[in-house]
Structures are given as C-alpha cells and as structure tokens.
Amino acid sequence: MHPEKEQFKKEYLEYIAQSCSKPFSECSSREKYEALVYMVKDCCSGLRTETVRRRQKEGAKTVFYFSMEFLIGRLLENYLIQLGIRDLAEEVLADLGTDLRELLECERDPGLGNGGLGRLAACFLDSLAAEDVPCVGMGIRYRYGLFRQKIFNGKQTEEPDDWLVDGYPWETPVFSEAVEVPFGGRVDRRWEDGRIVYELRDTQNVLAVPYDVPILGYDGRAVNRLRLWRAGPVHKQLDMEAFNAGDYSRAQRTNNEAEAISCLLYPADHTAAGQRLRLQQEYFFVCAGIRNIIEFFRATGLPWDKLPERVSIHTNDTHPALCVPELMRVLMDGEGLTWKEAWSITCRTVSYTNHTVMPEALEKWPVTLLQSLLPRIYQIIEEIDRRWRDEFDTSLPDWHELWSATAILFGGNVRMANLSVIGSHAVNGVAALHTEILKETVLKEFYALMPGKFQNKTNGVSHRRFLLQANPGLAKYITDRIGDGWITNPGELVMLLPFRDDEDSLRELSKVKLAAKKNLCDYIARDFGIACNPDGIIDVQVKRIHAYKRQLLNAFKILALYDRLKADPCAAVPATTFLFAGKAAQSYAFAKDSIRFVCAVADLVNSDPLVRERIKVVFMENFGVSMGEKIYPAADISEQISTAGKEASGTGCMKFMFNGAVTLGTLDGANVEIRDRVGDENISIFGLTAEETERFTTRGGYSARATLESDPVLQRVMAHLTDGSLGTMFWDLYDALLKYNDEFFVLKDFAPYLAAWDALAAETGNLSFQKKSLTNIARAGWFSSDRTVREYAREIWNIQA
C-alpha cells in the first residue's frame, strides 16, 4: 500500500475508535461518515489556526458578511476535493469494504436557506476562502430550515425540515462567546460628563449562542468560518406551578418564545405575531454579530476611527439593514463616541447589496413595531431620518419628490432599503441590467443624489462545486484538453474554444452529457418513480416558484406540444423530459397554484399513451443544493424565462452554463451578460425587453385578451385551464391572465417562446448544438464567484485579493 494511503487509513481508523468505541466492521454508515467528517474538520482546524496567525501578523482586514441565508449544501465531498484527497478517501474506504458514496449520502443539506440569495452567499464564502480574503459569514442556525416540500395529490404541502435530527458534525458551539440580545424595555436618558447617556432598561433578553462551521478554501489555502447564531433563554425557566397543574405549554413558554427566534427561516408574516418574529430574527443576528465585531476589533488595540480599516460589514439584501443603527448604538451608547464620530465610522464600514427590483420585496416595518420591540434602535433610525431630511439640499429641482422618496420614515413605516442606502458607503446591484434598473427606477432618487455610491457586481457561482464536484465526467473532459489550471483560474476555460472545430471532441462531449443524463434519469426513476429517456432532450426550469419567473409560461408551452402531438402523432416534437423544481412561499397562493398546474399538466401528459413516449413532465419535490448537483450536469436546455426587467440576476443560469446547457431565455438578469459573452448564435433569446415591459406597465397599450384572440394555439392552451381536461379548473390562473391583464406578459411572450423552443430543440441532436454547448462552457469562467468576490474585495471592501 502507498505510504500516503496507509497513513490515511491509520488516521481514519483512529477517528473511528475515538468517536465510535467499537470495531469498524460494527459501525453504521452514519458513524463512518461522522468519523470521516471529524477527521477532515480537524484538518480544517489546523489550517484555520495557521490562517488566523498569518492574518494577524499581516494586520489583515476582515469582511463580516451578514445574510439571512447561507445555502451551503453538503460539505464532505466538497472538502475532500478541496484538500485533494477525494480519490484517496474512496480507495481507502473501498479497501475497508465501504463505498464512499454511501457515506456521502448520510449528510443532510443544512436547512439554512431557500434560493438564490442563500446559495449566492454560500458561493461567496467558498470563493472568499479560495481567494484568501478574510471573511466571517454571519447568519442564523435555523432548527427547522424553511420547510421540507412534499407534493401530495399535486399540491405543495410543508413539513418541518428536521435537518439537525442527527446533529451536525461540522459545527462547533462556542459557548464562551455567547451574547445577550435585548428586546423591548424602555430607554432612560441622563446627563453625564457633559453628554446625554442612553440606557436600555427592563428588556427581555435572549441568549445568542454561536456555532462555527469551517469554510475551506481550495487546496487548503485558507480557512474562514461561518458563524450561525442559535437563540435560547438566558436562563432556562420552568414554571413549576403551571407544570404541576398540567399546563405544560405555559410552563415552558419563556424558553419556547426565545427558541422560536431561530426555529424557522421566513416564518409567515401575515399576522402581527409573524411580523414581530421576523423583525426579532433580523435584529437577533445583527446584534449578536455586531457585538462579535466590536470584541474582534477591540483586541487589535486600535482607536475606533480605524474600524473601517480593519472591518467591512456587508449586508446581503435588506434583512441585515439594522447593522446601521446597531453599530451606531454600540459606538455611542457603549463606547461613548459622538454622533458625528459614530456616523462617519458606520458609513465607511457598512456596504449593501440590493437583490430585487420588486417593490413588494423591499422591506418595510411598522413604526409602532420598532418602537415597542427595539426602542433604542428606533430612536437612532428616527435621528438618522431627521438629519437626512434637515440636511437635504432644497435647491435641487423637484427636491420635495426626492426628499419624500428617500426618507427612511414614511407612511407609518420604516423603509429598510432607504436605511441601507443612506447608511452605506457602497450600494451594488447583482447584474448589469439590474443595476441600471435600480438607477433608473427602484432607487433612482438616490442615484440622482449620490451616483458615486452605486456599483454593479454581477453575481457568480462556485465552479468548483457545480462543475468540478457535480460533474466529474465533464471536469475530466476539460482537464484532458487544457490542463487543471481552470480549477483555480476559471478564465482558462476559454482555452476550450479551439475544440469547437474538432468533431471528435464534440462527440466526446456528447457522450459526457449522455452519461450525466443517465445518472439523472436513474435518480428520477428511483426517487420519483418516473421513467425518463436519457437519449432525449433534458429541458430544465429549477428555481423558486414565482409569477415573474413564469413556470406558467413553460407549462403552457408543454400543453401546446401536447396538443400538437394529439392532433398529429407524427409531428416534429423531439423526445423531451421537462423538469421543474422549486418551492412556493407558504402563503403565496399564486405560486402554489402554479405548482398544482404544473403537476396537473404532468398527470395529463404522463398518463397519455399516445404522448408519454415523446414527452414527459416531472416536478421534483424539495429542491435543494444536492438535487441541483444532479440536475445541472444533465440539462440540455436551461429555461431562464422570467419577465424581462424582473429578475435581479439569477445564478441558476450560470450553473447550467458551466455544465454546457444552452440558455433559452429573455433578456433579463444575467442572461444579458451570458449573451454578450457567448454571442447571439450560442443562446436562444425571445420575447419582450425590459424597456418594453416597463413601457407597457407604466403607459398601457397591452391587451391580454387581444393577444389571446389573435393566436389559435394559445386559445387551445388556455382552454385547458377551464375545460376540465386537467382534472380540475384553474380559474384563479385564468383570471390572473385575462381579468387582471397578464401582469407578467405570459400570453404576450408565448408565441415567440414556443417558436424559440422549437428551433433550439430541433438542433439538439446535431454537432452544431454540441458546439454551442462547448462555447458556453468555454465562456463560463467569467461567471465564477471567484471573479465576483475579487471585485467586491477591491472596489467595495478595499481589500487587495
């Protein structure tokens, strides 16, 4: 046996003995998995110690990245790859009679996020460690995640995502750094040493306990950490009188109310109690995180005005917007700084990423809620707003409109996006089009007042997870042709471009794709009981379910193909499997109806003996990172069909691109920049532009009914909603399209979408399609999160990466 292999085996069996206290042969798969995690985790700890020591010596600046979500996925295989020992681990385990893949399946996806926001944050953590940028992710350790999605009788149902049921071996609780987070109470003011001193009294405190997860950079270059905060009572309490009276819920009420803060991601907020819990969550992890930062900086011994030179606080969307007033509170009330000093430090330290152009997604909280729940924080927000208004330049044309639009307090609400912009030194969008829309519509008043504050930072994804790890066949194909430099420098993927003219390479690429499709079809057959054709097209739309993302449009296309095949069984429709996946928010009725509609279409198509051999429809329940890693490598067509001007960026399009899928989409979000890099001939674009949708929305001129009446194919598709052919009626969807004039232009874009799909699908069996596929892979390097975080580091955080 190779000495390296022998050493690995010896160390692993030692970890088995320590953690299991029994022979390897008697250990369960879970126990073997945990022992391997502890072995890798200890390696990370050693590297982390080296990383911290080196950075302290360098006086490095640290980014504290606040996000409500970190959708990190499974870590074991990723870290084995990062350390360069995956194959070694597989060999050693095989010698011991164990399949590494069996152990990898023991790991649950952590329930720490929902969609693109959380996965972007996780990709950033991966790339920041790979680029050796000091970073601490700040989030919440949700006990039950968002929810576990189940499809029952074609409807979404929600169950708790009990991802911590077996524990989480990657985390380490740090009880010594737990902090108390105050809620409620009252603010006392007194004059002391020539200044007004503010003190919170009679608060209901919650204990925030940090749990650290190592974030390993590629090749072990550096180890950062993700710090997740768990909420609990400061002191466990039990009401003995209530307990002995049999009122067990009341006996534990104080404990339960504290623990509820970190129970679920995005609890429903249609009630006053739900709103209160949401706001508690946001302040909870902000307050705990800021306290951490203060202690981190205090250890440097530097004066407070040097804080922006050693710390960057980045807020990922508006959920952590309270970082601005909380940092002000700590600097003034805790450290005795004046308002002017604290405000200068805060604005130079905090930066903000906006993730949406949807007005309803820009958070607002009732003033009365902040006054009661966070009285001192509200006072500071009120003062920030007052100073903003008082110092406003009233000589500007239309100053009153600018003043009203940019105020933080307005209409009885606190506008969190406005707070974020005013309190940050940099504001960025996440795609070129998105940033322009922010400048021209959503935040146009701020842009008019402070254009230098705005930047664009187009999103990226971790190519090491979504290509190197998820698609080893394609990774080998690439490395065989251009070497492995692309793993650390994804820009080198452009070296694949000459192979577009090599027919043997194109045929080999087709074989790699077929192998990935077979793996996915096997998975679908095993887990969902549906047989799919790997030799046909795999057409995929996986993302959060929302009206503007237009799963409805995709389903309409499938119905049009169904009708075509029913009318002419010999019609030119290539064999295709249409895959959908994604979760609908629990209280979002339209999104839930969309899932029900897609499932009804699937039942219609898959049960028809005339059609089901040509097309299949599968809704894959409970989409997450690990499922995505199976889907992305197999896709031929990447459906990115949101209403133009509504998607901030989208990162699924990038994951598909790295794996060679060809984008079928609108000129929205990052699709625009994908087109710019691959060329019009290597992407399929259809439909209205953002300018056209904005014009129709603001000026009118679009009639959904007229569009329907002019298109016989669309008329037949629409009839399915109300004629009973789908086993039920979909009047709410019908009304959304006609009664409410099709807000997201599903009917308007239907005909060009269907034509674009027909043209692209007809090409999939040809080498010309493989040429498109290879071009997309070769041009994908720019969409790595490595590039994105380097831009953040240089241009927002002032760190040279």
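Start by selecting Ser638 and Gln640: their side chains are joined by a polar contact of 2.8 Å (a pair of N or O atoms within 3.5 Å, one able to donate a hydrogen and the other to accept it). This is a predicted model, where local features need pLDDT of at least 70 and side-chain atom pairs count only at pLDDT 80 or more. Residues are numbered from 1 along each chain, and side-chain values use heavy atoms, without hydrogens and water.

Stay with Ser638, which lies in strand β21 (residues 637-640); strands are DSSP runs of E, at least two residues, and helices are runs of H or I, at least four. Is Ser638 buried or exposed? Its relative accessibility is 0%, so Ser638 is buried (under 20%; exposed is over 50%). Now show what Ser638 touches beyond four places in sequence: Val540, Cys653, Phe656, Ala661, Val662, Thr663 and Leu664 (contact means heavy atoms within 4.5 Å).

Next, select helix α23, residues 551-567. Because 14 of its 17 residues are buried, α23 is largely enclosed by the rest of the structure. At 1.5 Å a residue α23 should span 24 Å, and its end C-alpha atoms, 25 Å apart, agree with that; the expected span is 1.5 Å times one less than the number of residues.

Finally, colour helix α22 (residues 503-528) and helix α33 (residues 767-778), whose axes come within 9 Å and cross at roughly 85°. That makes α22 roughly perpendicular to α33 (angles of 65 to 115 degrees). Among the residues that meet here are Glu503 and Arg507 in α22, and Lys771 and Leu774 in α33.

Technical notes: Buried means under 20% relative accessible area, exposed over 50%, partly exposed in between (1.4 Å probe, protein chains only). Axes are lines fitted to C-alpha atoms, for helices over the stretch in contact, and angles run from 0 to 180 degrees between N-to-C directions. Angles under 35 degrees count as roughly parallel, over 145 as roughly antiparallel, 65 to 115 as roughly perpendicular and the rest as oblique.
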